[in-house]
Amino acid sequence: MATMGAGPMVTGTDGTDFEYRQRVAAPHQISLLNKSRLKYCIFFHALLFFVMLAKLTSDILDRLDVFVLEIEELEVPTPLWWEYIWLGSLLTSFLGLSAARANKIRKMQEYMIAIGLFAVLPLLYCFIYYFGDVWEYITLDENTDLEESEIFLWRGMPYGLLWYAFCFVGFQIHGFTLYFSYNLIKAWKARTAARKYQ
């Protein structure tokens with residue numbers, strides 16, 4: 001441990017010239033901040049994955065020929081193809097994490113494309129698919145009973161509206177994921193350009 005006041009001070013300095021050496025370059029700060037935020041997005045993507053997995057459990061067990069009375073009593077509607085595609089989108093997280101760890105621009109671009117194809121597009125399909133039911137529910141007369149309408153209900157709730165809630169959360173998570181990934185790519189390109197310039 002250094003002793004205070006011991007030893008000669010360098011002439012021409014008051015001892016505060018170390019501050020410029022303590023700063024982290026802006027691209028590094030941006031990279032660290034966005035890596036942390038991207039990890040949070042991937043964490044929330046994983047949480048949403050478990051929500052979807054819970055919804056698909058009934059169909060998965062049917063395909064495996066496993067009968068669980070409690071799950072069958074829930075009468076969960078049969079899933080559409082987009083639900084399984086979205087479920088598989090969690091696998092793209094490994095690509096994103098490895099790209100962030102290694103600071104690989106190309107891998108991060110591939111991750112953004114994969115998120116767009118396997119996460120955003122299925123949610124967009126869901127949004128369009130249930131638009132009719134949701135629009136009918138929104139424009140429904142107050143005196144009309146839901147049971148008498150053509151709106152598909154599950155447990156007394158409009159099924160399309162439940163999917164819209166899922167899409168709302170999903171679009172936010174994937175939107176922020178793409179935004180932070182884009183910021184990482186910009187920071188890495190700036191750092192690479194700075195190295196070439198030096």
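Analyst: First, a term: buried means under 20% relative accessible area, exposed over 50%, and partly exposed in between, using a 1.4 Å probe and protein chains only. With that in hand, K55 and E83 are both buried, and E83 sits at 0% relative accessibility.

A quick word on the source: this is a predicted model, where local features need pLDDT of at least 70, side-chain atom pairs count only at pLDDT 80 or more, and totals for chains, interfaces and linings use all residues. Residues are numbered from 1 along each chain as its sequence is written, and side-chain values use heavy atoms, with hydrogens and water left out.

Now the pair itself. K55 and E83 form a salt bridge, with their closest N and O atoms 3.0 Å apart; the term means a side-chain nitrogen of Lys or Arg within 4 Å of a carboxyl oxygen of Asp or Glu. K55 belongs to helix α1 and E83 to helix α3, so the bridge ties together parts 28 residues apart in sequence. Helices here are DSSP runs (H or I, at least four residues), numbered from the N terminus, and α3 covers residues 81-88.

What else does E83 touch, leaving aside its neighbours within four places in sequence? Besides K55, E83 is in contact with M52, L56 and W163, contact being heavy atoms within 4.5 Å.

For comparison, R63 and D59 form another salt bridge at 2.8 Å. Both lie in helix α1, 4 residues apart, about one turn of the helix. There, R63 counts as exposed at 63% relative accessibility, while D59 is buried at 13%.

Definitions and conventions:
Helix = DSSP H or I, 4+ residues; strand = E, 2+ residues; numbered from the N terminus.
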